[in-house]
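Welcome, and thanks for taking a look at this one with me. Here is a short briefing to read beside the model.

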Amino acid sequence: MGLFKNLFKGAQVDLEKSKRNAEKMRILFDQKVQNGKDFQLIFGYTEDVSRFNYGFVHGSKTKIGNLIVGWREDTNTIAVVPTVPDLSECGDAVYYCREEILKAYRNKYPTDAFVIYLDKRNYIAINAYEWLNDESLYVYVSQEAELEAFTNFFMNEFVKK
């Protein structure tokens, strides 16, 4: 019975690998963000979809950008650090302070994303899930509780009611 029980569950989270990657995320984030230890973290990603139309050939190409997303409740700040799936490097942090943004909302379609507009033209859409199993495109980390905490923070502090 035990053999068949696990057979139909599908892919399972490797908790040790997830913990190692969460620790790497923390190290990278703390290197790029002043007082980084004061931020809670999740993994997120953003998508850039470009469409093309060459007569009879139509399609699109999607580029994935991996993000370490930190938030700090006492200052209503989100800091985003771009990274790569294996967490071998990262870019500089970009900050989103509640009082400096035009609008923010949670988009449910076509993907579940947290959208922040700095002005009428510039925005970031942060997609975040509990766990994604494709290590070639995404950081391998399980984050159920962290995602719930970020969602509550974002909806309560960033989305105007």
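Buried means under 20% relative accessible area, exposed means over 50%, and partly exposed is the range in between, using a 1.4 Å probe and protein chains only. This is a predicted model, in which local features need pLDDT of at least 70, side-chain atom pairs count only at pLDDT 80 or more, and totals for chains, interfaces and linings use all residues. Residues are numbered from 1 along each chain as its sequence is written, and side-chain values use heavy atoms, with hydrogens and water left out.

**Overall fold**

- The chain has three helices and seven strands; helices (H or I, at least four residues) and strands (E, at least two) are DSSP runs numbered from the N terminus.
- Reading from the N terminus, the order of elements is α-α-β-β-β-β-β-β-β-α.
- The chain has 161 residues, and 37% of them count as buried.
- Contact means heavy atoms within 4.5 Å; of the contacts in the chain with a separation of 6 or more, 50% come from residues 24 or more positions apart.

**The second largest pocket**

- A pocket is found on a 1 Å grid over the protein atoms alone, as an open set of points where a 1.4 Å probe fits, with protein on both sides within 12 Å along at least five of seven lines; lining residues have an atom within 4 Å of a point.
- The second largest pocket has a volume of about 170 Å³, where volume is the space filled by probe spheres set on grid points joined across faces, edges and corners.
- Its lining consists of Ala 22, Met 25, Arg 26, Gln 40, Leu 41, Ile 42, Trp 71, Val 141, Ser 142, Gln 143 and Glu 146.
- Helix H2 (15-32) and strand E1 (40-54) are the elements that give two or more residues to this lining.
- Six nonpolar, three polar and two charged residues make up the lining of the second largest pocket, with Ala, Val, Leu, Ile, Met, Phe, Trp, Tyr, Cys and Pro counted as nonpolar, Asp, Glu, Lys and Arg as charged, and the others, Gly among them, as polar.

**Two lining residues up close**

- Ile 42 sits in strand E1 and is buried, with a relative accessible area of 0%.
- Beyond four places in sequence, Ile 42 touches Met 25, Leu 67, Ile 68, Val 69, Trp 71, Ala 128, Gln 143, Glu 146, Leu 147 and Phe 150.
- Gln 143 belongs to the loop between E7 and H3, and its relative accessibility of 2% makes it buried.
- Leaving out residues up to four places away in sequence, Gln 143 touches Ile 42, Phe 43, Tyr 129 and Glu 130.

**Aromatic pairs**

- Rings of Phe, Tyr and Trp (its six-membered ring) pair if their centres lie within 6.5 Å, and planes under 30 degrees apart count as stacked, over 60 as edge-to-face and the rest as tilted; the count by this rule is 14 aromatic pairs.
- One of them is the stacked pair of Tyr 45 and Tyr 129, at 6.3 Å centre to centre with 20° between the planes.
- Tyr 45 lies in strand E1 and Tyr 129 in the loop between strand E7 (123-127) and helix H3 (144-158), so this pair ties together parts that are 84 residues apart in sequence.
- Tyr 45 is buried at 5% relative accessible area, whereas Tyr 129 is partly exposed at 29%.
- Ring pairs also link Trp 71, Phe 114, Phe 150, Phe 153, Phe 154 and Phe 158 into a cluster.

**Arg 72 and its contacts**

- Arg 72 is part of strand E2 (residues 57-72) and counts as buried, at 18% relative accessibility.
- The side chains of Arg 72 and Asp 74 are joined by a polar contact of 2.8 Å; a polar contact is a pair of N or O atoms within 3.5 Å, where within protein one must be able to donate a hydrogen and the other to accept it, and residues adjacent in sequence count only if both atoms are side-chain atoms.
- Not counting residues up to four places away in sequence, Arg 72 touches Asn 35, Asp 38, Phe 39, Thr 77 and Phe 153.

**Positive phi values**

- Most residues other than glycine have a negative phi.
- Asn 76, in the loop between E2 and strand E3 (77-83), has a positive phi near 50° and is buried at 18% relative accessibility.
- Leu 87, in the loop between E3 and strand E4 (94-97), has a positive phi near 55° and is buried at 7% relative accessibility.
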